[in-house]
Amino acid sequence: MSLRSPLGRVLGLGSAKGGSGHWYSQRVTAVALVILGCWFIASLALLGAGAPHAAVVGWLHSPFSAVMALLLVAITAYHAQLGLQVVFEDYISDKGTRLVVLVALKFALVVAALIGILAVLRIAFGAQA
Amino acid sequence: MAQPERPLSPFMQYRWQYTNTLSILHRITGILLSLCFFVLVYWLAAAASGPERYAAALATIGSPLVRLLLIGGLFSFCYHLLNGIRHLFWDAGYGFELPIARKTGWAAAIGAVVLTAVLWIVLGASLGGVA
């Protein structure tokens with residue numbers, strides 16, 4: 001027996017069936033970011049005064065640091081997308097505007113993440129400073 | 001039938017208290033951290049583009065507006081981290097009791113301020129004193 005009203009079903013109201021996946025992804029990325037975030041702050045501190053270019057290049061030449069930086073960029077972008085999506089869904093009531101903003105948000109974060117990933121790879125595979 | 005005296009729009013009448021302040025702060029710090037993500041990408045891309053571009057980017061990152069964003073970002077990191085851990089415990093079913101939720105709420109708020117101050121001192125020298 002369905003508890004949904006016939007009108008609601010016709011209008012496509014109710015669960016979009018993706019809520020639990022969204023919720024779960026947000027928690028899993030959160031746990032990952034606890035580790036990655038602390039690692040990044042510690043790394044920043046270890047880069048030393050003024051974070052000189054040579055220090056940044058040397059830092060990302062280490063395979064461990066490169067992998068951690070790639071994870072940081074990718075997972076931060078994903079977590080930010082999930083979080084900002086909820087914020088926009090809560091505050092933008094116009095469906096058309098909401099759709100445009102949510103798609104623009106995804107585009108912006110995917111582009112930013114790819115720029116960050118490419119930058120880390122270029123340094124990791126580039127010449128030692 | 002007599003009309004019962006019930007509030008019609010409870011969301012308009014909630015008393016402002018620190019619990020909803022902490023809740024909205026989680027959201028605000030999340031938005032700030034998202035903005036800082038773009039600064040992180042800019043910084044990484046500049047580092048990958050050579051020492052000259054990197055020096056120019058550090059000057060931009062050190063400008064008052066970006067610096068203000070990053071100081072807010074540092075606090076946001078600390079608060080979102082601590083309050084996020086609080087949220088994860090709630091999701092696992094722990095810490096819902098009001099006295100415990102109050103204590104952890106204060107701990108997250110005060111801990112974030114203290115942690116921000118400590119990291120400010122530790123990171124003060126890196127990134128041209130941005131943090």
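## Ground rules

Residues are numbered from 1 along each chain as its sequence is written, while chains are lettered from A and ligands numbered from 1 in the order in which they are written. Because the model is predicted, local features need pLDDT of at least 70 and side-chain atom pairs count only at pLDDT 80 or more, but totals for chains, interfaces and linings use all residues.

## The two chains

Chain A has 5 helices and 0 strands. Along the sequence its pattern is α-α-α-α-α. Chain B has 4 helices and 0 strands, in the order α-α-α-α. Helices (H or I, at least four residues) and strands (E, at least two) are DSSP runs, numbered from the N terminus.

The C-alpha atoms of chain A fill a box of roughly 65 × 25 × 25 Å along the principal axes. The radius of gyration of chain A is 20 Å, whereas a compact globule of 129 residues would have one near 14 Å. That radius is taken over C-alpha atoms, and the globule rule is 2.2 Å times the number of residues to the power 0.38.

Of the 129 residues of chain A, 21% are buried. In chain B, buried residues make up 26% of 131. A residue is buried if 20 or more other C-beta atoms lie within 10 Å of its own, exposed if 12 or fewer, and partly exposed in between; these C-beta atoms are placed from the backbone.

## Where the chains meet

On chain B, 27 residues are in contact with 29 residues of chain A. Contact means that the C-beta atoms of two residues, placed from the backbone, lie within 7 Å. The elements of chain B that give two or more residues to this side are α1 (18–48), α2 (51–61), α3 (64–91) and α4 (98–123). α1(B) gives the most, with 12 residues.

By class, this side of chain B has 20 nonpolar, 5 polar and 2 charged residues. Here Ala, Val, Leu, Ile, Met, Phe, Trp, Tyr, Cys and Pro count as nonpolar, Asp, Glu, Lys and Arg as charged, and the others, Gly among them, as polar.

## A core built from both chains

The largest nonpolar core has 41 residues. Such a core is a set of buried Ala, Val, Leu, Ile, Met, Phe, Trp, Tyr and Cys residues joined through C-beta atoms within 7 Å. Residues with the most contacts inside this core include Ala77(A), Val120(A), Phe37(B) and Cys78(B). The largest share, 11 residues, comes from α1(B).

α5(A) has 31 residues, which should span 45 Å at 1.5 Å a residue; its end C-alpha atoms are 45 Å apart, so the two agree. The expected span is 1.5 Å times one less than the number of residues. Among the buried residues of α5(A) are Leu109(A), Gly116(A) and Ile123(A). Their cover includes α3 and α4 of chain A together with α1 of chain B. Not counting residues up to four places away in sequence, Ile123(A) touches Val57(A), Leu60(A), Ala47(B) and Ala48(B).

α3(B) has 28 residues and should span 40 Å; its end C-alpha atoms are 39 Å apart, which agrees. Its buried residues include Leu70(B), Phe77(B), Cys78(B) and His80(B). What covers the buried residues of α3(B) includes α2 of chain A together with α1 and α4 of chain B. After α3(B) comes Gly93(B), with a positive phi near 95°.
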